[in-house]
Amino acid sequence: SDLAEEACREGCGMDREEVYRALEFLHTTGSVLYYGESRDPKLRGIVFTRPQWIIDAIKYVIHESRDDDLNEEMRKVHRRLNSTGKEQLGALQEQGRLCSELLRKELWGRVVQLGRNDQDVLVSLMREFRLMHEMRSMGGAPYCHVCRKEGHSSFLVPAMFRGSLDGRYTQPSVWRPAMGQGCRAVMRRGYRCGRLEDAFLSELQVEWSDTERIGVGEEAGE
(Lines give C-alpha, C1' and ligand atoms only; values in the text may rest on other atoms or scores of the structure.)
Protein backbone atom coordinates (compact mmCIF):
# COMPACT_ATOMS: atom_id res chain seq x y z
CA SER A 1 0.00 0.00 0.00
CA ASP A 2 1.01 3.63 -0.38
CA LEU A 3 3.65 4.67 2.15
CA ALA A 4 2.18 8.12 2.77
CA GLU A 5 -1.33 6.76 3.18
CA GLU A 6 -0.08 4.31 5.80
CA ALA A 7 1.56 7.18 7.68
CA CYS A 8 -1.66 9.17 7.56
CA ARG A 9 -3.66 6.24 8.88
CA GLU A 10 -1.25 6.00 11.80
CA GLY A 11 -2.16 9.55 12.78
CA CYS A 12 1.03 11.40 11.85
CA GLY A 13 -0.83 14.71 11.64
CA MET A 14 0.11 15.38 8.01
CA ASP A 15 -1.65 14.84 4.73
CA ARG A 16 -0.21 12.72 1.92
CA GLU A 17 1.64 15.55 0.16
CA GLU A 18 3.16 16.79 3.42
CA VAL A 19 4.46 13.30 4.19
CA TYR A 20 6.29 13.11 0.88
CA ARG A 21 7.71 16.61 1.26
CA ALA A 22 8.96 15.70 4.71
CA LEU A 23 10.58 12.53 3.38
CA GLU A 24 12.27 14.43 0.56
CA PHE A 25 13.63 16.98 3.04
CA LEU A 26 14.93 14.31 5.43
CA HIS A 27 16.48 12.44 2.50
CA THR A 28 18.23 15.62 1.34
CA THR A 29 19.68 16.23 4.81
CA GLY A 30 20.78 12.60 5.09
CA SER A 31 18.66 11.88 8.15
CA VAL A 32 16.87 9.10 6.30
CA LEU A 33 17.12 7.52 2.86
CA TYR A 34 13.99 7.32 0.73
CA TYR A 35 13.91 6.38 -2.95
CA GLY A 36 10.40 7.33 -3.93
CA GLU A 37 11.26 7.45 -7.64
CA SER A 38 12.91 4.05 -7.72
CA ARG A 39 11.92 1.60 -10.45
CA ASP A 40 11.62 -1.07 -7.76
CA PRO A 41 8.27 -0.93 -5.92
CA LYS A 42 9.92 -2.60 -2.93
CA LEU A 43 12.23 0.39 -2.47
CA ARG A 44 9.48 2.93 -3.01
CA GLY A 45 7.70 1.57 0.05
CA ILE A 46 10.67 1.71 2.43
CA VAL A 47 12.28 4.48 4.45
CA PHE A 48 15.78 3.73 5.73
CA THR A 49 15.91 5.41 9.13
CA ARG A 50 19.50 4.26 9.81
CA PRO A 51 21.61 4.88 6.68
CA GLN A 52 24.64 3.40 8.48
CA TRP A 53 22.83 0.05 8.44
CA ILE A 54 23.21 -0.02 4.64
CA ILE A 55 26.93 0.72 4.81
CA ASP A 56 27.48 -1.91 7.49
CA ALA A 57 25.99 -4.55 5.18
CA ILE A 58 27.44 -3.43 1.85
CA LYS A 59 31.00 -3.24 3.21
CA TYR A 60 31.09 -7.04 3.26
CA VAL A 61 30.42 -7.06 -0.47
CA ILE A 62 32.43 -4.05 -1.67
CA HIS A 63 35.79 -3.59 -0.02
CA GLU A 64 39.52 -3.70 -0.69
CA SER A 65 40.53 -6.81 -2.62
CA ARG A 66 43.72 -7.41 -0.61
CA ASP A 67 43.23 -8.73 2.92
CA ASP A 68 46.24 -6.70 4.07
CA ASP A 69 44.27 -3.54 3.31
CA LEU A 70 41.25 -4.57 5.40
CA ASN A 71 40.59 -3.88 9.07
CA GLU A 72 40.84 -6.66 11.62
CA GLU A 73 37.07 -7.26 11.64
CA MET A 74 37.04 -8.01 7.91
CA ARG A 75 40.24 -10.05 8.06
CA LYS A 76 38.71 -12.22 10.75
CA VAL A 77 35.68 -12.92 8.55
CA HIS A 78 37.90 -13.74 5.58
CA ARG A 79 40.11 -16.07 7.62
CA ARG A 80 37.05 -18.08 8.55
CA LEU A 81 35.75 -18.08 4.99
CA ASN A 82 39.11 -19.26 3.69
CA SER A 83 38.45 -22.54 5.47
CA THR A 84 34.78 -22.92 4.56
CA GLY A 85 34.28 -21.01 1.30
CA LYS A 86 37.68 -20.21 -0.14
CA GLU A 87 36.61 -20.62 -3.76
CA GLN A 88 33.59 -18.35 -3.34
CA LEU A 89 35.57 -15.68 -1.50
CA GLY A 90 38.34 -15.81 -4.09
CA ALA A 91 35.82 -15.37 -6.91
CA LEU A 92 34.55 -12.17 -5.27
CA GLN A 93 38.01 -10.74 -4.57
CA GLU A 94 39.62 -11.69 -7.87
CA GLN A 95 36.78 -11.62 -10.40
CA GLY A 96 33.94 -9.62 -8.83
CA ARG A 97 31.69 -12.71 -8.95
CA LEU A 98 29.58 -13.22 -5.84
CA CYS A 99 27.83 -16.49 -5.04
CA SER A 100 24.37 -15.81 -3.58
CA GLU A 101 24.91 -18.58 -1.02
CA LEU A 102 28.03 -16.82 0.23
CA LEU A 103 26.17 -13.53 0.33
CA ARG A 104 22.98 -14.69 2.03
CA LYS A 105 24.16 -17.47 4.32
CA GLU A 106 27.58 -16.15 5.32
CA LEU A 107 28.14 -12.43 4.75
CA TRP A 108 24.63 -11.17 5.41
CA GLY A 109 23.43 -14.21 7.32
CA ARG A 110 26.01 -15.40 9.82
CA VAL A 111 28.09 -12.20 9.95
CA VAL A 112 25.58 -9.33 9.74
CA GLN A 113 22.65 -11.52 10.88
CA LEU A 114 20.03 -10.14 8.52
CA GLY A 115 16.73 -11.86 7.82
CA ARG A 116 15.64 -12.81 4.34
CA ASN A 117 13.41 -9.74 3.89
CA ASP A 118 16.20 -7.34 4.83
CA GLN A 119 18.55 -9.16 2.47
CA ASP A 120 16.07 -8.85 -0.37
CA VAL A 121 15.80 -5.09 0.26
CA LEU A 122 19.58 -4.69 0.14
CA VAL A 123 19.83 -6.70 -3.06
CA SER A 124 17.18 -4.44 -4.61
CA LEU A 125 19.06 -1.36 -3.43
CA MET A 126 22.41 -2.52 -4.82
CA ARG A 127 20.83 -3.47 -8.13
CA GLU A 128 19.06 -0.11 -8.31
CA PHE A 129 22.38 1.71 -8.10
CA ARG A 130 24.19 -0.73 -10.39
CA LEU A 131 26.42 -1.92 -7.57
CA MET A 132 25.46 -5.50 -8.28
CA HIS A 133 23.92 -7.40 -11.16
CA GLU A 134 22.29 -10.82 -10.88
CA MET A 135 23.50 -13.49 -13.30
CA ARG A 136 21.33 -16.40 -14.35
CA SER A 137 21.43 -19.19 -16.89
CA MET A 138 20.61 -18.46 -20.53
CA GLY A 139 17.09 -19.72 -19.85
CA GLY A 140 16.64 -17.35 -16.93
CA ALA A 141 16.71 -20.02 -14.22
CA PRO A 142 18.83 -19.54 -11.08
CA TYR A 143 22.40 -20.62 -11.79
CA CYS A 144 25.59 -19.84 -9.89
CA HIS A 145 28.54 -19.03 -12.15
CA VAL A 146 30.89 -19.40 -9.18
CA CYS A 147 29.79 -22.84 -7.95
CA ARG A 148 28.66 -23.85 -11.44
CA LYS A 149 25.45 -25.22 -9.97
CA GLU A 150 21.74 -24.68 -10.46
CA GLY A 151 19.42 -23.83 -7.60
CA HIS A 152 20.96 -20.51 -6.60
CA SER A 153 22.27 -17.54 -8.51
CA SER A 154 25.37 -15.36 -8.52
CA PHE A 155 26.05 -11.67 -8.87
CA LEU A 156 28.60 -9.49 -10.60
CA VAL A 157 30.03 -6.68 -8.46
CA PRO A 158 31.77 -4.13 -10.75
CA ALA A 159 33.64 -2.43 -7.90
CA MET A 160 35.38 -5.72 -7.12
CA PHE A 161 36.82 -6.27 -10.60
CA ARG A 162 40.55 -6.47 -10.04
CA GLY A 163 43.36 -5.27 -12.28
CA SER A 164 43.24 -3.59 -15.67
CA LEU A 165 40.86 -4.61 -18.40
CA ASP A 166 41.90 -6.90 -21.19
CA GLY A 167 42.84 -4.68 -24.14
CA ARG A 168 40.53 -6.68 -26.38
CA TYR A 169 37.59 -5.12 -24.53
CA THR A 170 38.78 -1.52 -24.70
CA GLN A 171 39.47 -1.45 -28.43
CA PRO A 172 37.04 -1.16 -31.38
CA SER A 173 37.39 -4.89 -32.06
CA VAL A 174 34.89 -5.47 -29.26
CA TRP A 175 32.15 -4.60 -31.73
CA ARG A 176 33.06 -7.39 -34.10
CA PRO A 177 30.86 -10.50 -34.04
CA ALA A 178 33.82 -12.70 -33.03
CA MET A 179 34.09 -10.81 -29.76
CA GLY A 180 30.38 -10.43 -29.16
CA GLN A 181 29.74 -14.07 -28.25
CA GLY A 182 26.13 -13.61 -29.24
CA CYS A 183 25.57 -10.86 -26.68
CA ARG A 184 24.13 -7.42 -27.31
CA ALA A 185 26.54 -4.53 -26.84
CA VAL A 186 25.46 -0.95 -26.29
CA MET A 187 27.21 2.21 -27.46
CA ARG A 188 26.34 5.19 -25.32
CA ARG A 189 27.02 8.90 -25.49
CA GLY A 190 30.54 9.59 -24.34
CA TYR A 191 31.86 6.63 -26.34
CA ARG A 192 31.45 3.91 -23.81
CA CYS A 193 30.77 0.26 -24.40
CA GLY A 194 29.04 -2.35 -22.32
CA ARG A 195 30.93 -5.53 -23.17
CA LEU A 196 32.72 -6.99 -20.21
CA GLU A 197 31.01 -10.15 -19.02
CA ASP A 198 28.29 -12.32 -20.49
CA ALA A 199 24.87 -11.29 -19.13
CA PHE A 200 26.34 -8.00 -17.86
CA LEU A 201 26.38 -5.56 -20.71
CA SER A 202 24.15 -2.54 -20.46
CA GLU A 203 24.64 -2.29 -16.69
CA LEU A 204 28.34 -1.49 -16.86
CA GLN A 205 30.10 0.84 -19.25
CA VAL A 206 33.82 0.77 -19.86
CA GLU A 207 35.45 4.02 -20.93
CA TRP A 208 37.59 3.78 -24.03
CA SER A 209 41.27 3.71 -23.15
CA ASP A 210 42.20 6.04 -25.98
CA THR A 211 40.80 9.33 -27.22
CA GLU A 212 39.77 8.17 -30.67
CA ARG A 213 36.17 8.99 -31.43
CA ILE A 214 34.22 6.08 -32.79
CA GLY A 215 30.82 6.61 -34.33
CA VAL A 216 27.97 4.30 -33.56
CA GLY A 217 27.81 1.57 -36.16
CA GLU A 218 31.29 2.06 -37.66
CA GLU A 219 32.50 -1.28 -36.34
CA ALA A 220 29.37 -2.50 -34.64
CA GLY A 221 28.09 -4.27 -37.69
CA GLU A 222 24.97 -2.17 -37.59
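Modeller: Helix α7 lies across strands β3 and β7 and runs at about 60° to β3. Axes here are lines fitted to C-alpha atoms, for helices over the stretch in contact, and angles run from 0 to 180 degrees between N-to-C directions. Helices (H or I, at least four residues) and strands (E, at least two) are DSSP runs, numbered from the N terminus. The model is predicted, so local features need pLDDT of at least 70 and side-chain atom pairs count only at pLDDT 80 or more, while totals for chains, interfaces and linings use all residues. Residues are numbered from 1 along each chain as its sequence is written, and side-chain values use heavy atoms, with hydrogens and water left out.

The chain as a whole has 9 helices and 10 strands. Of its 222 residues, 40% are buried, that is, under 20% relative accessible area, with exposed meaning over 50% and partly exposed in between (1.4 Å probe, protein chains only).

The buried residues of α7 include Leu102, Leu103, Leu107 and Trp108. The buried residues of this helix pack against α4 (51–58), α5 (72–84), α6 (86–95), β3, α8 (116–128) and β7; a contact means heavy atoms within 4.5 Å.

Glutamate 106 is found in α7, which covers residues 100–111. Glutamate 106 counts as buried because its relative accessibility is 14%. Leaving aside residues up to four places away in sequence, glutamate 106 touches Arg80, Leu81, Glu101 and Val111.

As for length, α7 spans only 14 Å between its end C-alpha atoms, whereas a straight helix of 12 residues would span 16 Å at 1.5 Å a residue. The expected span is 1.5 Å times one less than the number of residues. After α7 comes glutamine 113, whose phi is positive, near 60°.

The strands under discussion belong to an open sheet of 3 strands in the order β3-β7-β4, with antiparallel pairing; two strands pair if DSSP finds at least two bridges between them. β3 (97–99) and β4 (133–135) are at the edges with a single partner strand each, so one side of each has no neighbour in the sheet. On average, neighbouring strands of this sheet are turned by 35° against each other, direction ignored. β4 and β7 (residues 154–156) run antiparallel and are joined by 3 bridges. Methionine 135 has serine 154 in β7 as its bridge partner.
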